Amino acid sequence: MKFGQPSTLPRWAQLTVLPALNLLAALLVTGFVTWMIGENPWECLQLLIHGAFGYGEGTGYTLFYTTSYIFAGLAVATAFHAGLFNIGGEGQAYLAGLGVTLVMLGFDHTLPSYVLIPLAMLAAMGFGAAWAYVPAYLQAKRGSHIVVTTIMFNFIAYSLMLYLISHQLIEAGSQNPTTRQFAETGWIPQLHTLFTSLPNSPLNLTFVLALLASALFYLIVWHSRWGFELRTVGTNEHAAGYAGMSVSRVIIIAMCVSGALSGLSSVNDLLGSSHRMNVLFTNGVGFVGIAVALMGRNHPVGIILSALLFGALTQGGSDLSFEKPMITREMILFIQGLIILFCGALENLFEPFIAGLFKRKDKK
């Protein structure tokens, strides 16, 4: 099935059965590779699950990673609904981090928290949207392919941030490419400081914001006029144009919203955990967001669940690599890559089989 072509499966099956089968296929291949390197696949799976959910601190870290992945997945899904493939989430998160950093370095000792934190969030969204605007404009007005331009902008963003952090924003006297620590007035409260019964982890109130953003995403995309235009353009640009919709305007707005959501993923780390900017703070969140959106079928419920899966892989994989030296970080990336492969390039591999089962059931 090609991009944008309607599926023959019921919506609920698209959101549950297909992703489950894709995940199972990826895990089976992973298990085979694990067995080939001399490890017990079942034991490794148990260790991974325990590392992600088996104790309080691990669960907190899982949800912390999940938060960033939710924002990144929503960003990719927004563009997808307009028929666009935004691969530039990583670069947009980088530039959003610059917006947060400039606000913090300029005002963290002068503004109160209730002004400083919302201002930093707005800066993150604004810088992320601005970085997405140029590829959007080139796609809508000049016909440049959004995939090519967003990939290029990832490299530009990384090079720009490397220069700025290493030469302009670096902490005085530091040998590491990092800014000074932000003042505590700019820290988003971590949940264990608000609820003392919770274990110590970087999980913070941004997690709640991610859930609210998911609910708002659903309301806007499926229950608003602009959401209808967004989905119409994504389904058939020519029909949308004949209906009087401005295709170029929808494309530009969709990409800017996508960039703003990517920008919010940087807030989780910079204001909720590390409290300083460094060169590698995004840690590939923009690319993971592509897999999250694909596996979640661009629906907020699916995105939350798939973000939770990748958060568990990130946290559980760290514990697994500690217990099993043969399972390196590259092995965890390999697992993520397999999930991306089966949920992306091979996302409809099992659809003919499942569709056949539904047809047999209907005949009966």
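Start by selecting helices H5 and H12: H5 passes H12 in a right-handed crossing (the near helix is turned clockwise from the far one by less than a right angle). Both belong to a predicted model, where local features need pLDDT of at least 70, side-chain atom pairs count only at pLDDT 80 or more, and totals for chains, interfaces and linings use all residues. Residues are numbered from 1 along each chain as its sequence is written, and side-chain values use heavy atoms, leaving out hydrogens and water.

H5 covers residues 89-107 and H12 residues 247-274; their axes come within 7 Å and cross at roughly 55 degrees.

On H5, pick residues including Gly89, Ala93, Gly97 and Met104; on H12, include Met255, Gly259, Gly263 and Leu271. By class, this contact has 8 nonpolar, 10 polar and no charged residues, with Gly counted as polar.

Next, select Trp131 and Phe153, an aromatic pair with 4.9 Å centre to centre and 55 degrees between the planes, which is tilted. Rings pair if their centres lie within 6.5 Å; planes under 30 degrees apart are stacked, over 60 edge-to-face, and the rest tilted. Trp131 sits in H6 (residues 113-142) and Phe153 in H7 (residues 146-168), so the pair ties together parts 22 residues apart in sequence. Trp131 is buried at 16% relative accessible area, and Phe153 is buried at 15% (buried means under 20%, with a 1.4 Å probe and protein chains only).

Last stop: Tyr61, Phe64 and Tyr65, linked into a cluster by ring pairs. The structure holds 10 aromatic pairs.

Methods: Axes fitted to C-alpha atoms, helices over the stretch in contact; angles between N-to-C directions. Helix = DSSP H or I, 4+ residues; strand = E, 2+ residues; numbered from the N terminus. Contact = heavy atoms within 4.5 Å. Phe/Tyr/Trp six-rings, centres within 6.5 Å; stacked < 30°, edge-to-face > 60°. Buried < 20%, exposed > 50% of the residue type's maximum accessible area, 1.4 Å probe, protein only.
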